[in-house]
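New page in the notebook.

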Amino acid sequence: MIFLLTLTIFLILKESWFRFFSYLCKKSKTFVLMPKLPKFLQFASITKKITLALIGLFLMLFLLTHLGINLCLLRNDGGEWFRAAAHFMGTNYIVKVFEVMLFGAIGLHILLALIIQFHNWMARPVGYASGNKSKTAFGSKLMIWSGLLVALFLVVHLVHFWFAKVGWTEGIYTVKIENVEKALGKKQFALNEALMNTENENEWFSIQREFMELQNYIENDERFHVLMFSGNTGQRFITNLSKADIDEMRSFLDVKYEPDFYYMARDLFSIWWVVVMYFFFMVALGFHLAHAFPSAFQTLGAAHSKYTPIIKFVGISFAMLVSVGFAIIPIFFYFCK
Ligand code: HEM
């Protein structure tokens, strides 16, 4: 993300400072001092727009998937469905590849949008004498600002959730009992092996005692707030663990752990201003999508007097569904959990 942002700023500055300079000097409105972009970025404006539209549609599909999973948070099952979905999304290799593609797509979408917008600004630095009153111009103007708000939201949002997954911030963690049992079994096996290769019985007993203590510790120690969870999926978790708890546990056993996004969402959305902030950003997302949807289809050539109103209607419905769908989650948590 940081790399893409730096690249964006560099390219924008590189391509545009001559134009800007010539504008300031009032030398020319046609900007003859146009420097060259690197070869791989010398696409026609329409190519950039088509790429932007296709990536936008791909991101909309991501939003639908993300919303579908997040709506599991609203179920009254203590987060069982959501945890199972988050576990799948966090461990499946195809999803991991998809995640890299997703971040690439987001970066490219922002980069192209900024380049196109900057060109538009530079192409008409003086503005219309009587103001541009066309609906399209108004919608397009909103696009860059609502888009920047969505980008800002993404940064805040990733810090809230994704950063904990990659270990950049502290989160709340969960460990599957199944994984604890696996790690215990592995250690037990190693112990038996060691026992067969050693004559030292005292050592064996001391390690055995260590295991008993460990098992006791996992099941009964209050610091773990043990929640033996057994739902329809038959999955059992120890959850509400801090990083210190995890480090302590991992000093005994090599257990796999993952963030408990259900508890993280519950804690995050118990703060009123976070809920208001998410609501505000979801309104911006709604605006962005409502205009982006028909705009993408128009760029891809689907402009027809018969179908355009239908596309616009579908776009507004999609934008409503996504923004309202996401917005109700923090509100629901704040008032109902
Ligand atoms: C209240 C609404 C939302 C909730 C509760 C929520 C929850 C989450 C959670 C728990 C994660 C981490 C998942 C993981 O890394 O395995 C995540 C990641 C992410 N979210 Fe959201 N999200 C919400 C809205 C949004 C919106 C509106 C967008 C886009 C505009 C978005 C974009 C992302 C992206 C790009 C990631 C990182 C990619 C990924 O890990 O899948 N989220 N979100």
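**Entry 1: the pairing of strand 1 and strand 3.** A reminder to myself before anything else: this is a predicted model. I began with strand 1 and strand 3 (residues 258-259), which pair in the antiparallel sense over two bridges. Looking for who faces whom, I found threonine 174 opposite glutamate 258 in strand 3.

**Entry 2: the pairing of strand 1 and strand 2.** Next I turned to strand 2 (residues 237-241), which also goes with strand 1 in the antiparallel sense, here over three bridges. I noted two of the partners. Lysine 176 has phenylalanine 237 of strand 2 as its bridge partner, and tyrosine 173 has leucine 241 of strand 2.

Entry 3: In what order do the three strands of the open sheet lie? I get 2-1-3, with antiparallel pairing. Strand 2 and strand 3 are the edge strands, as each of them pairs on one side only.

**Entry 4: buried or exposed?** I wanted to know how covered these strands are. In a regular strand the side chains alternate between the two faces of the sheet. Strand 2 has four of its five residues buried, so the rest of the structure largely encloses it.

**Entry 5: around the ligand.** How many residues surround the ligand? I have 21 written down, and the closest are Gly90, Phe161, Phe261, Phe326 and Ile329. The elements giving two or more residues to this shell are helix 2 (45-70), helix 3 (80-91), helix 4 (93-123), helix 5 (135-160), helix 6 (162-166), helix 10 (261-268), helix 11 (272-299) and helix 12 (308-336). Sorted by class, the shell has 15 nonpolar residues, four polar and two charged.

**Entry 6: helix 11 against helix 12.** I picked two helix pairs from that list to look at. Two packed helices are described by the angle between their axes and the distance between the axes. For helix 11 and helix 12 the axes come within 8 Å and cross at roughly 165°. Angles over 145 degrees count as roughly antiparallel, so that is what I call helix 11 and helix 12. The crossing of helix 11 with helix 12 is right-handed. I also sorted their contact by class: 25 nonpolar residues, four polar and one charged.

**Entry 7: helix 2 against helix 4.** Here the axes lie 9 Å apart and the packing angle is about 140°. Helix 2 and helix 4 are therefore oblique to each other. Their crossing is left-handed.

Entry 8: Last, I looked up leucine 64, which is found in helix 2. Why do I call leucine 64 partly exposed? Because leucine 64 has 13 other C-beta atoms within 10 Å, while a residue counts as exposed at 12 or fewer and as buried at 20 or more.

Terms used:
Residues are numbered from 1 along each chain as its sequence is written. This is a predicted model: local features need pLDDT of at least 70, side-chain atom pairs count only at pLDDT 80 or more; totals for chains, interfaces and linings use all residues. Two strands pair if DSSP finds at least two bridges between them. A residue is near a molecule or strand if its C-beta atom, placed from the backbone, lies within 6 Å of it. Ala, Val, Leu, Ile, Met, Phe, Trp, Tyr, Cys and Pro count as nonpolar, Asp, Glu, Lys and Arg as charged, and the others, Gly among them, as polar. Axes are lines fitted to C-alpha atoms, for helices over the stretch in contact, and angles run from 0 to 180 degrees between N-to-C directions. Angles under 35 degrees count as roughly parallel, over 145 as roughly antiparallel, 65 to 115 as roughly perpendicular and the rest as oblique. A crossing is left-handed if the near helix is turned anticlockwise from the far one by less than a right angle, and right-handed if clockwise.
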